[in-house]
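Dear colleague,

I am passing on the structure below, together with some notes on what came out of going through it. Please read the notes with the coordinates open beside you.

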Amino acid sequence: MGESFTYHRSAKVRWYFVASLLLALVSDSLVISVHASPIFPPFSLLVLFYWAGHFLDRSYIVTAFILGLLSDTLTQTPLGAHAIIYVSLIYLLSRHRLHFRSFTPWQQAIFITGYFFIYQFTNWIFFDPLLTDTHAIYFWLMPFSAAIFWIIIAPLFNRFTLQVEQN
Amino acid sequence: MAFILAIVLLAADRYGEMVSELRGFLLAGLTPIEQVASIPKTFFKEFDRDIVDYDELKRQNQILKTEVLLLKAKQQQLINLKQEVARLESLLGTTGKIADHTVQIATVTQFSQNPISQFMTLNKGSKDGVSTQDTVIDANGVVGQIINVAPYSARVMLITDPDHHLPVRIQRTSQRGILKGSGYDSSELNFIPSNSNIKVGDIIETSGLGGVFPSGYPVATVTEVEKTGSAPYLKIFTQPISELNKAHKVLILKPEAISPQTLKTDLDYDLNSSLNQTETGD
């Protein structure tokens, strides 16, 4: 019964899922030309964390792989580099997503900071970014900005998905 | 499985350039997303342009008219110089050909200020005849080169990208070197011997070596020259001449395809020149 319930939920919010990822990609594309771009988290990954952490009937690994490739194209990095990072992080999340789901958005934000710190560290290792003093601060502050965005995004998405389920 | 596939793709892209078609496909998929993302910026620009008052427009019009006159005068000079160069080159017995390029205007739809890579996206793609390695310039100088092409968009690697290397020469002395991007609107000029005559303010232009960039386009200005102890080369910092951050319209230069007939005429011309030289020498 539980499985059928979770499967049903995921199928119900399919269009929200697609629309949210498209919106996240547009946001990623928008912030890339902003001077303070290093402080913004990859919104596509943040949104995928929401879906992977709240809807347990799918693994979201393939979505992570595709989003990673799109992110590589968007940021002009070697194809597959972001895909590896995205797939690894979503896999890590999937190991404890039952716990993750039971936390409040504030508690989840602490985990998000950790995940995005790993993301930023691997970015630093893989791509050797050129950072001025200001950009270095932005770059290492990004996990915290991801947590702030999470606190906004997660309750908002919770409300949307709840409405869909109730209808 | 996805992890392994990602590693395979990474290796193929890093060491073999085998996935350029896949990247083109992904870029084509991202084009509408990038266009949607550019709407706020375009809207702001349009709004900013619309609120310019009548006096400002009159003033801009006057400035443009003056610029047109000056450019026409310069064009006349250039035509004369081109003829003079052709005459001197024919006297020297060289081919006397200046590489001609077709020019295409494109609009910048996306610009990256990302610390990982410096690029811009243009609204022209393979359907418009754009191909990789085409040179991109603006009104002031070289912007970069096309690295990825999708049907309706293309990516330009800027000359400030850390992976970008450009064969150049110093305009004043013709000393050759390699210009390497160092991110954030700056670049470095490498391989200039420490005993070279170079000073702050010198213009650096494309040398044409390597065959990718046409010769003689301004690229950067020298901003700082450092001589470190007994190092064989100078450390030279430069700033791009083109307005990388502000450019909205750019030109894509494409080498003009040489028809077999033109090639034959050129070869005949070279052969005749060589024969004449040999006869004169005898």
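Which residue in S5(B) is the bridge partner of B:Asn148? It is B:Arg155, and the strands in question are S4 (residues 142-150) and S5 (residues 153-158) of chain B, which run antiparallel and are joined by 6 bridges. Two strands are taken to pair if DSSP finds at least two bridges between them, while helices (H or I, at least four residues) and strands (E, at least two) are DSSP runs numbered from the N terminus.

Before going further, please keep in mind that this is a predicted model, in which local features need pLDDT of at least 70 and side-chain atom pairs count only at pLDDT 80 or more, whereas totals for chains, interfaces and linings use all residues. Residues are numbered from 1 along each chain as its sequence is written, and chains are lettered from A and ligands numbered from 1 in the order in which they are written.

Chain B as a whole

Among the contacts in chain B with a separation of 6 or more, 56% are between residues 24 or more positions apart, a contact being two residues whose C-beta atoms, placed from the backbone, lie within 7 Å.

The barrel and the other strands

S4 and S5 belong to a barrel of chain B that 6 strands close in the order S1-S2-S5-S4-S3-S12, with antiparallel pairing. The twist from one strand to the next averages 40 degrees. In S12 (residues 249-255) of chain B lies B:Pro255, which is partly exposed because 15 other C-beta atoms lie within 10 Å. The C-alpha atom of B:Pro255 is separated by 9.0 Å from that of B:Val103, a residue 152 residues apart from it along the chain.

Strand S6 (residues 165-170) of chain B pairs in the antiparallel sense with S7 (residues 176-181) over 5 bridges, and with S9 (residues 203-206), again antiparallel, over 3 bridges. B:Arg169 has a partner in each of these pairings, namely B:Arg176 in S7(B) and B:Glu205 in S9(B). S6(B) and S7(B) form a hairpin with 5 residues between them, and B:Ser174 in the turn has a positive phi of about 65 degrees.

Where the two chains meet

The contact between the chains takes 36 residues from chain A and 33 residues from chain B. On the side of chain A, helices H2 (14-31), H4 (61-75), H5 and H8 (133-166) each give two or more residues, and H4(A) provides the largest share, 9 residues.

Helix H5 (residues 81-94) of chain A packs against helix H1 (residues 2-15) of chain B at an angle of about 160 degrees, with the axes 8 Å apart; axes are lines fitted to C-alpha atoms, for helices over the stretch in contact, and angles run from 0 to 180 degrees between N-to-C directions. The two helices are therefore roughly antiparallel to each other (angles over 145 degrees). Residues making this contact include A:Ile84 and A:Val87 of H5(A) and B:Phe3 and B:Leu10 of H1(B).

With best wishes

How values were computed
Buried ≥ 20, exposed ≤ 12 C-beta atoms within 10 Å, placed from the backbone. Parallel < 35°, antiparallel > 145°, perpendicular 65-115°, else oblique.
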